[in-house]
Amino acid sequence: MKGNFKQLINSDKPVLVDFYADWCGPCKMQAPILKDVSTAIGGKARIIKIDVDRNQGIARQYQVQSIPTIMLFKKGKPVWRQAGVANKQQLISLIEKNT
């Protein structure tokens with residue numbers, strides 16, 4: 001996954017990454033918000049989910065210590081991050097600013 005992850009975030013479009021785990025309650029709250037954001041932004045950005053239990057190396061590399069952690073990457077570089085549930089409007093305006 002590690003090489004594949006680098007390819008995914010190294011995009012001309014912004015890539016919003018949700019670091020989550022299946023057992024995490026707040027992560028379950030974040031999922032429908034991300035679906036709404038995806039619908040609202042259309043093709044302006046890509047949203048991917050990274051399970052920290054299955055991808056511990058990636059989580060460690062980006063120092064994800066609490067979940068959910070949402071990060072926005074632009075051309076492979078992290079440009080924004082937040083630990084905890086992020087709201088729909090905040091994420092939409094963040095993506096709009098970075099497209």
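**View 1. Surroundings of Asp 18 in the predicted model.** Leaving aside residues up to four places away in sequence, Asp 18 touches Gln 30, Leu 34, Ile 48, Lys 49, Ile 50, Pro 68, Thr 69 and Ile 70. The model shown here and in the other views is predicted. Asp 18 itself is part of strand E1. The relative accessible area of Asp 18 is 1%, under the 20% limit, so the residue counts as buried.

**View 2. Asp 18 and Lys 49.** The side chains of Asp 18 and Lys 49 are joined by a polar contact of 2.8 Å. Lys 49 is also the bridge partner of Asp 18 in E2. The two strands concerned, E1 and E2, pair over six bridges in the parallel sense.

**View 3. The four-stranded sheet.** Four strands form an open sheet with mixed pairing, in the order E2-E1-E3-E4. Strand E2 (46-51) and strand E4 (77-83) are the edge strands, and each of them pairs on one side only. On average, neighbouring strands of this sheet are turned by 20° against each other, direction ignored.

**View 4. Helix H2 on the sheet.** Helix H2, residues 25-41, lies across E1, E2 and strand E3 (69-74). The helix runs at about 160° to E2. Among the residues that Asp 18 touches are Gln 30 and Leu 34.

**View 5. Helix H4 on the sheet.** Helix H4 is made up of residues 88-97 and lies across E1, E3 and E4. Its direction is at about 170° to that of E4.

View 6. Ser 11 lies between helix H1 (2-9) and strand E1 (15-20), in the loop that links them. The side chain of Ser 11 reaches the backbone nitrogen of Lys 13 at 3.0 Å. When residues up to four places away in sequence are not counted, Ser 11 touches Lys 75 and Gly 76.

**View 7. Ser 11 and Leu 34.** These two residues are 23 residues apart along the chain, and their C-alpha atoms are separated by 19 Å. Leu 34 is one of the residues touched by Asp 18, whereas the contacts of Ser 11, with sequence positions up to four places away left out, are Lys 75 and Gly 76.

Note on methods: Residues are numbered from 1 along each chain as its sequence is written. This is a predicted model: local features need pLDDT of at least 70, side-chain atom pairs count only at pLDDT 80 or more; totals for chains, interfaces and linings use all residues. Side-chain values use heavy atoms; hydrogens and water are left out. Contact means heavy atoms within 4.5 Å. A polar contact is a pair of N or O atoms within 3.5 Å; within protein, one must be able to donate a hydrogen and the other to accept it, and residues adjacent in sequence count only if both atoms are side-chain atoms. Buried means under 20% relative accessible area, exposed over 50%, partly exposed in between (1.4 Å probe, protein chains only). Two strands pair if DSSP finds at least two bridges between them. Axes are lines fitted to C-alpha atoms, for helices over the stretch in contact, and angles run from 0 to 180 degrees between N-to-C directions.
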